[in-house]
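Let's walk through this protein together, from single residues out to the whole fold.

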Amino acid sequence: MKHKLAIWLLIFFLAQSFAVQGKNVSGPESNPVSDMLERIDRGASKKFRFVVENDGSSRENSFFELSQKGSKVLVKGDSWVSIATGVNWYLKHYCGIHIAWDNPRATLPAKLPRVKRPERHATPLTLRYNFNYCTFSYTMAFWDWARWEQELDWMALHGVNLPLAVVGEECVWRKVLLRLGYSDDDVSRFIAGPAFLAWWEMNNLEGWGGPLPDSWYAQQEALQKKILQRMRAWGMEPVLPGYGGMVPSFFGNATGGGKWNGYTRPAFLQPTDAQFRDMATIYYEELTKMFGQANYYSMDPFHEGGNVAGIDLGASGKAILHEMKRVNPQAVWVIQSWQENPRKALIQDLPKGDLLILDLYSECKPKWNDYGSHDWLFCMLENFGGNVGLHGRIDQLLGNFEQAMRNSSVKGIGFTPEGLENNPVMFELMSELPWCSLPLSPDFKTQWIRAYCRARYGVSDAGIEAAWQILANTIYNCPPDNDQQGTHESIFCARPSTKAYQVSTWSGMKDYYDADDTRRAAQLFIKSAEKLLGKGSPLTASGRNNLEYDLVDIVRQALADQGRQVYEQAMADFNARRRDGFEKKSRKFLDMILAQDRLLGTREEFRLGRWTESARSLGRTEAESNLYEWNARVQITTWGDRLCADRGGLHDYAHKEWQGLLRDFYHMRWCKFFDALTENLAANADSAPKSIDWYALEEPWTKQTESYSPKADGNALEVASDVWARYLSK
C-alpha cells in the first residue's frame, strides 16, 4: 500500500513539474485559466480542456488553437495567457459572449458549441504590453483587489503578457527616503496624493494631493504583492518601476527639473555624481526586497519637457542601464516614446536588445523610424484624460499596423490609454490584430464590425449592425490629418465662454464627422433595443448588458453632439442681441445637460458615485476618506490649485460626462454663465458680459463630501427613448 502511494505521489509531482516547465500539460488540475473561468461562470472550467505546448526552444511565435475533445472544447497554446486568449476567441466567436469592462461575468451555454474543425492562430508579436502610467491615476487610483482581479482576467483574455506594474512605487520610495535619513514630513513633501501618483512617478510633479497616511502605504504594498503574485501565476512579465535618476527637488546636489504646468518637478541626479550609484543601489534593494526582481524595468527620465540643460544624455542612458543590469543582467529597459522622448542621445549608444521602446501613439503619430535598431512595440493610446466619449481611428490603426509589421524591430503591441473602461470596440480590434492574417482584406473593417456585433450581443441584428457601420465610418474613423487627443469633447463639460469649443487645453479638437451621424446611429440603436430588450428577447444576460451599455453610450454621444449645436445657436442669438431666442436656446441647453445626467444615471459605469465612493472606501478614518475624495474630485475638475488649473491649463483635462458631475458641477457653471449673458442683454450693454472667476466657483465643489450613489437608477431604454423624443428626433 505504501509503495502504491509513493508511486501516485511521484506521478503527481512529475505532472506538476511538467506544468511548471510548460510541456504538454492538460488539465483538470487548477491553473490560472480554469480559475478565471470559474470567476466568470462557476462550473465553466469543466467544459474545457487545456494544453500548454511550449518546449522552450523558440520564442519566435505565440499561438492558440481551438478544437474538440469529446464533449469538451480543447484549447492549446504556448502559454497560459495564449490559452486564455484562445478561450476569449471561442467565447466571442462561437458563443456570442463578450467579456468586457462593462461585462466581466457571463453565463456560458449548458452545452458549448462544438468546434467543427481545428482553428489555429499564431503571431510573431510575442510581447503584448498594457497600461500607461496615467492609467494608474485616471482610472485605477482607488481600485481594490476585487477590481484588480477582474482587470487581470481581462488582460489574460486579451493576450497581455507584459503589464506595467507600478502600484506601490510610493511605498518603495518612502523606504528609500527614510533610509537616507529624511523625515516623514520630507516624504510627504515629495510623494503625491493617490489621484496624482502617475505624474509624480513620471517626474512631472511632487507632493500635490498628499500627504499620504501610513495606512495607504500598508494597503498599497499588500495590494501590489497580490497583483504581482497573480501576474506571475499567469506567466506574465511585470514591468516594475526602475531607477532613472529622480530625487526630491530638495535633495541638494542635483539638477533642478524645472516646472510642469505650474508644478515643481523632482530633480535629476546626474550619473557623473558619485551619489547616483548609491541612490540606485538603495532604490533597487528596497524595490527587490518589497516586490521581487523583474526582467523588465520602466524608466522615463525627462518626461514631457524635463530639464536636460547641462546633462550628458549619453552618459545618463548608459548609467541608468548599467544600474538596472547590476540588479538583473538579463533585464530590459522599457521606455515610453512620447513628445521628444526618448532623446536620441540617451539611447543611441545602448546595445540592441537591452531597450524596449513603447511607440505610445502608433495609431496616430508613429515614431518607430526614430529608434534605430532598438526593439519597439506598436501601441494604441486611444484615450486621453480618461474622458468619456466615442472615439477611434480604425482606418489609421489598420493601415499603420500593416506598415509596422514590415519593420523587423517590432516585437509586439501595447495598450497605452490614459484611461480605461471606454470604447471597448477599439480594444477588441487592437487585441485581435496580432492574431489576424496579413495582408488584411479590403473589406476587413466591414466584416470585423459585423463579427464584433455578433460577439458583443450574441445575436445578429440588421439595425445594430447598420448603426455600428455608421459609427465605424464616422466618429470611430478620425482621419490622419486630424491629430486631436482622444474624443470629440462634450461641450457640456467645457468652461463656459461665448466661444467655447474644446474642453481640455491640449485636445486639439477638429470637426471630422457630422452630428447627424451619431444621431442616426442612436435612432437605429433605440429601434433595435426596443425589440431586443423586450419580452421574448433572444438576448442572454451578457448580451442584454452590453446592448444596454452601448445604447446609453451612443445616445449620450448623440445628445452631446446636438447640445453643441444648440449652444452655437444660443451664442448666435446672443451676439445678434436676440434676447428671446437666446433665453429659449440657453434653457434648452441647460435642460439637455440634466437629461444627459438622467440618462447616464441608468448605468453605474457613468456615475460619479462609482469614483467617489471607491475613493472613500479606502480610508480607514473619516479624515482619510475625505482626503481621498478630495483627490478624486480635484482630478476630474480643476486638476490642481489656481496656478496650475488656470495658468498651467490643467483644468478639465480629466473631465467626465458622468451623472452627478453634470448636474452639480457642469450645469452649475453654465447656469452662472447664462445668467451673466442674460444680465448683459437686459442691460442692453455694449460692453462684454462681466467676467467670472471660474476657479473660485469650482474649488468649493472639490471640498464637498456629500454622497453620490454608485448604483444605477432608472430604465436605460425608457430614458434613452425619452431623450430621443425630446432632443434628438427631427
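Is N482 buried or exposed? N482 is buried, because its relative accessible area is 2%, where buried means under 20% relative accessible area, exposed over 50% and partly exposed in between, with a 1.4 Å probe and protein chains only. You will find N482 in the loop between α16 (462–473) and α17 (515–532). Setting aside neighbours within four places in sequence, N482 is in contact with C364, R393, G508, K510 and Y512; contact here means heavy atoms within 4.5 Å.

Before going further, a word on the basis: this is a predicted model, in which local features need pLDDT of at least 70 and side-chain atom pairs count only at pLDDT 80 or more, while totals for chains, interfaces and linings use all residues. Residues are numbered from 1 along each chain as its sequence is written, and side-chain values use heavy atoms, leaving out hydrogens and water.

Now turn to K585, which sits in helix α19 (residues 579–600). K585 counts as partly exposed because its relative accessibility is 22%. Not counting residues up to four places away in sequence, K585 touches V566, Q569, A570 and D573. For a sense of distance, K585 and R189 are 396 residues apart in sequence and 48 Å apart in space, C-alpha to C-alpha.

Next, look for the second largest pocket. A pocket is an open set of points on a 1 Å grid over the protein atoms alone, where a 1.4 Å probe fits and protein lies on both sides within 12 Å along at least five of seven lines; lining residues have an atom within 4 Å of a point. About 710 Å³ of space lies in this second largest pocket. The pocket is lined by 36 residues, and W143, R147, E421, E605 and R610 lie nearest its centre. The elements giving two or more residues to this lining are α5 (145–157), α18 (541–575) and α20 (608–617). Of these, α20 supplies the largest share, five residues.

Finally, step back to the whole fold. The protein has 25 helices and 17 strands, taken as DSSP runs numbered from the N terminus (helices H or I, at least four residues; strands E, at least two). Its C-alpha atoms fill a box of roughly 100 × 70 × 50 Å along the principal axes. Buried residues make up 62% of the 730 residues. Among contacts between residues at least 6 apart in sequence, 75% join residues at least 24 apart.

Definitions and conventions. Grid points are joined across faces, edges and corners, and a volume is the space filled by probe spheres set on the points.
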